[in-house]
Every structure is written in structure tokens, then in C-alpha cells.
Amino acid sequence: DGELSLSRSMINSSDKIIRKGGSSIFQHAVEGWKINSSLVLEIRKNILRFLDAERDVSVVKSSFKPGDVIHYVLDRRRTLNISQDLHSLLPEVSPMKNRRFKTCAVVGNSGILLDSGCGKEIDSHDFVIRCNLAPVVEFAADVGTKSDFITMNPSVVQRAFGGFRNESDREKFVRRLSMLNDSVLWIPAFMVKGGEKHVEWVNALILKNKLKVRTAYPSLRLIHAVRGYWLTNKVHIKRPSTGLLMYTLATRFCDEIHLYGFWPFPKDLHGKPVKYHYYDDLKYRYFSNASPHRMPLEFKTLGHYWDLFNIFVSDTDSG
Ligand code: CTP
């Protein structure tokens, strides 16, 4: 099974909430947690049968020429032209080549992080992965600020930066990217049609402002490979969420993976409301059929061996 190496960390933030609330069941289980190194190696080996994150984390310059036409990964009928800008931002070699870390944090975007005080702990990891350019400065105490690798779905341009409609949106975006220095900015540009304009605008801003971020664009086979791996665990995930993709990639680079902010449920263990994202007002789309993701299923899979999780998930997962 591919799920066992990460159980404690997934509930780190909820654990803190529980401790504050004085409940003892989870605390007991959490304190008893220790890494199972042979299982970690086995998970890595099994995932490597499907993908090699060092390679699949990004296409490289030599993969394409400007003007090449490719088919979208999840919509094969539609195509995308590799523009000059995009080509110039493709890395020469994998941004994760030869990179290994003892401990990594993968930070999901659940509101469970609010008031968790997890910031210091997150920043203490050797490598910190974040999702969708989530803001950090104003939430530093709960989420930390270190960002070695950060993803950005093209939809973020619309959701968080006003579709770059005016100069101040663009400035806000450039400021956010300037904070990243030479972190990896991971843009899934080849998944589905719809975001290509946004990707082009982002690329143009990076080039124009000579930003130092190290851009990466996931390989065309990544999603299929990740889906294939999780199918061997009998988990059918049509479209893996960013968090699950990051966990799966991280198994290649990290001896220990600590998950934070993975809590796809509208309530915490005490019944207190939990925001979908810690930083905006998006609602719980994934409980409806409109959502491409199955985050509660992913959560259940990642935390599978803990019976308590199963009870909790079956009580709340209406998706
Ligand atoms: N996440 C979670 N619980 C939530 C919100 C997010 O577990 N309430 C985790 C998921 O693993 C998710 C990751 O945090 O993938 C990042 O959140 P988000 O930016 O919402 O993820 P995406 O998967 O990119 O979602 P979308 O495709 O809707 O943009």
C-alpha cells in the first residue's frame, strides 16, 4: 500500500486543534507515530515503476521547439502551440535533478491551518512545497513562509489576480513572484484547454520583469502515471488534486513527507466550521459533481490505515 508513510503529518494541524481542545484519542495515536523507513523505500520503488519524478516534474527545453503543436493531456482533441516565450522558460535540465531531502513539507490549502500555529514547524523542513501560489506573509504564524517549490494552476490568474485586468493586478502578481527568488514555480500548462492565455501572460511577466523563479511545466505523462500508480492501490482518481500530485512526486526526493493543510471537510473534529482555503472564500466544490477532484477519497487513501479516519470520512464524505 502506498499510503502509510505520511499519516502523522497529515493531521498535524488538526492535531494541534485537538490538543487545544483537550481530546486524547488522536493525541495518543499521533505521539505513537514513527517513520517506517523500509515502507518509505518500498513506496518510492513502487511509484518509480510508474513515473520518475526527477524527469516527469517538468518537460525540458530539448523536449520541444518553438512552434511545435501538442495535444492537451486531458483533452486530446485540442492542441496548444509551444510559443517562443514558453520555450524560453522551459528548464535546460530537471529542476529537481539530484535533489534529495531528509524532510519535506507538502502544504495543502485547507482552512484547517488557520489558528494552527504550524508555521514554524513547516518552515523547519528541508524542502517546502506549496500549492497554487497560496499567500503566506499574512498567515505566516499558521502556514510559514518558506516556499522551495510552488504550484500554480492557470486558473489562479483569474481567481487571485483579477485576470490581470489592470496594472495593479499585474503588480501584485509580480510582487508575489519576486518573493520566490529561485524557487521552482510549477505551472501545469498542458492539462486542459482554457488557461493558455493566462500561462502566456504569466510567462510574459516573468520575462519582462526578469524574475528569478525557476519555471517548470509538468510532463505530458505525469497525470496518467500518477493515476496509474494510485490505481494499483485500488484508488481510482480521475483527476488527482495538486496535493496528491505533490505527495506522489515528493516520494522521489524526500525521506520523510509531512503533509499540512490536507483537510477536505467543512468541519473539524469538534464540529467547528473549516474554510475550504485558508486564504479565500471558495466553497467546497468537491462535494458536487462539478468538481474534477475527489479530495475526501484521496484523504481517506493517504490516511487509510488509521481506522479513525475511515470513521470520520464515512460520516462526512457526501461526494
Ligand atoms: N486540500 C485539502 N483540503 C482542502 C483544500 C485543499 O486537502 N480543504 C489539499 C488538496 O490536496 C489540494 C491542495 O490542498 O490539492 C491544494 O489546494 P487547492 O489549491 O484548492 O488544490 P487544487 O487541487 O489545485 O484544486 P483546483 O483544481 O480546484 O484548483
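Phenylalanine 190 is in contact (heavy atoms within 4.5 Å) with Val59, Phe64, Ile70, Tyr72, Val73, Leu80, Ile82, Leu86, Tyr217, Pro218 and Leu220, leaving aside its neighbours within four places in sequence. The model is predicted: local features need pLDDT of at least 70, side-chain atom pairs count only at pLDDT 80 or more, and totals for chains, interfaces and linings use all residues. Residues are numbered from 1 along each chain as its sequence is written, and side-chain values use heavy atoms, with hydrogens and water left out.

Phe190 belongs to the largest nonpolar core, which has 69 residues. Such a core is a set of buried Ala, Val, Leu, Ile, Met, Phe, Trp, Tyr and Cys residues joined through side-chain atoms within 4.5 Å. Buried means under 20% relative accessible area and exposed over 50%, with partly exposed in between (1.4 Å probe, protein chains only). Leu133, Leu185 and Phe190 have the most contacts inside this core. A second, separate core holds 12 residues, among them Val107, Ile122, Phe139 and Tyr260.

Helices (H or I, at least four residues) and strands (E, at least two) are DSSP runs, numbered from the N terminus. Helix α11 covers residues 196-208. His198, Val199, Val202, Asn203, Leu205 and Ile206 of α11 are buried. They lie on the same side of α11, because their arc around the axis is only 160°. The arc is taken from the directions from the helix axis to the C-beta atoms. Cover for these residues includes α6 (84-89), α9 (156-161), α10 (167-178), β6 (184-186) and β7 (214-216). Lysine 210 follows α11, with a positive phi near 45°.

Helix α4 (residues 37-48) has 12 residues. From first C-alpha to last it reaches 17 Å, close to the expected 16 Å. Leu39, Val40, Ile43, Arg44 and Ile47 are buried in α4. These cover an arc of only 140°, so they sit on the same side of α4. Ser38, Leu41 and Lys45 are exposed on the other side. The buried residues of α4 are covered by elements including α12, α13 and β8 (254-260).

The axes of α12 (residues 222-232) and α13 (residues 242-250) come within 11 Å and cross at roughly 80°. Axes are lines fitted to C-alpha atoms, for helices over the stretch in contact, and angles run from 0 to 180 degrees between N-to-C directions. Leu222, Ile223, Val226 and Trp230 of α12 make the contact with Leu244, Leu245, Tyr247, Thr248 and Leu249 of α13.

How values were computed:
The expected span of a helix is 1.5 Å times one less than its number of residues.
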